[in-house]
Amino acid sequence: EGERGAERFVRGEFADGTMEHFEGERGAERCVRMELADGLVQYYEGEQGAERMVRMELADGSVQSFEGERGAERKVRSVFADGEVQHYEGERGAERFVRGEFADGTMEHFEGERGAE
């Protein structure tokens with residue numbers, strides 16, 4: 001996209017059905033969204049080469065939020081279609097469920113290591 005000589009990369013389409021969307025000036029394009037064939041959509045923030053995943057939307061309507069630098073993104077929250085919200089703490093790969101909020105206002109709090117909450 002762009003004027004001749006100033007074209008910039010805006011989208012990549014792959015044989016497996018994956019599509020990547022880019023923003024930014026020519027030479028500094030950064031991935032902002034990746035759509036997979038199974039309906040999964042991942043959103044990214046950050047400059048070129050340092051893009052980090054901040055949100056993932058699953059085909060079932062649930063949304064997961066992430067924090068952290070590229071390669072160390074950790075899940076901090078999941079929101080489900082039924083209104084349930086789950087909160088997590090911990091480093092990538094060791095996130096543990098610490099709080100659940102339900103549509104009816106009920107809250108549950110958890111302690112313990114991952115898998116033993």
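Predicted model: local features only at pLDDT ≥ 70, side-chain atom pairs only at ≥ 80, totals over all residues.
Residues are numbered from 1 along each chain as its sequence is written, and side-chain values use heavy atoms, with hydrogens and water left out.

Back to R11. With a relative accessibility of 44%, R11 counts as partly exposed, a label for anything between buried (under 20% relative accessible area) and exposed (over 50%), using a 1.4 Å probe and protein chains only. Setting aside residues up to four places away in sequence, R11 touches M19, E20, H21 and F22; a contact here means heavy atoms within 4.5 Å. Take H21 from that list: R11 and H21 are 10 residues apart in sequence, yet their C-alpha atoms are 4.5 Å apart in space.

Now step back and look at the whole chain. How many helices and strands does the protein chain have? It has zero helices and 10 strands, where helices (H or I, at least four residues) and strands (E, at least two) are DSSP runs numbered from the N terminus. Read from the N terminus on, the elements go β-β-β-β-β-β-β-β-β-β. The chain is more spread out than a compact globule, because its radius of gyration is 18 Å, well over the 13 Å that the globule rule gives for 117 residues. That radius is taken over C-alpha atoms, and the rule is 2.2 Å times the number of residues to the power 0.38. Along its principal axes, the C-alpha trace spans about 60 × 25 × 25 Å.

The contacts have their own story. Among contacts in the protein chain with a separation of 6 or more, residues 24 or more positions apart account for 0%. As for cover, 29% of the 117 residues count as buried. The chain exposes about 7,600 Å², and carbon and sulfur atoms supply 45% of that; such areas come from the Shrake-Rupley method with a 1.4 Å probe, and for residues only the protein chains shown count as cover.

So what is tucked away inside? The largest nonpolar core has eight residues in all: F22, C31, M34, L40, Y44, M53, M56 and F66. The elements that give two or more residues to this core are β3 (30-35) and β5 (52-57). A nonpolar core, by the way, is a set of buried Ala, Val, Leu, Ile, Met, Phe, Trp, Tyr and Cys residues joined through side-chain atoms within 4.5 Å.

Leaving out residues up to four places away in sequence, Y44 touches C31, V32, R33 and M34, along with E51, R52, M53 and V54. M53 has its place in strand β5 and is buried, with a relative accessible area of 12%. A37 lies 16 residues from M53 along the chain, and their C-alpha atoms are separated by 18 Å.

Next comes Q64, in strand β6 (residues 63-67). Buried or exposed? Q64 counts as buried, at 16% relative accessibility. Beyond residues up to four places away in sequence, Q64 touches V54, R55, M56 and L58, and also K75, R77 and S78.

Further on, G90 is found in the loop between β8 (85-89) and β9. G90 is partly exposed, with a relative accessible area of 24%. Its contacts, not counting residues up to four places away in sequence, are R74, E95 and R96. G90 and G68 are 22 residues apart along the chain, with 11 Å between their C-alpha atoms.

Our last stop is R99, in strand β9 (residues 96-101). R99 is partly exposed, with a relative accessible area of 25%. Apart from its neighbours within four places in sequence, R99 is in contact with V85, Q86 and H87, plus M107, E108, H109 and F110. S62 is 37 residues from R99 along the chain, and their C-alpha atoms are separated by 17 Å.
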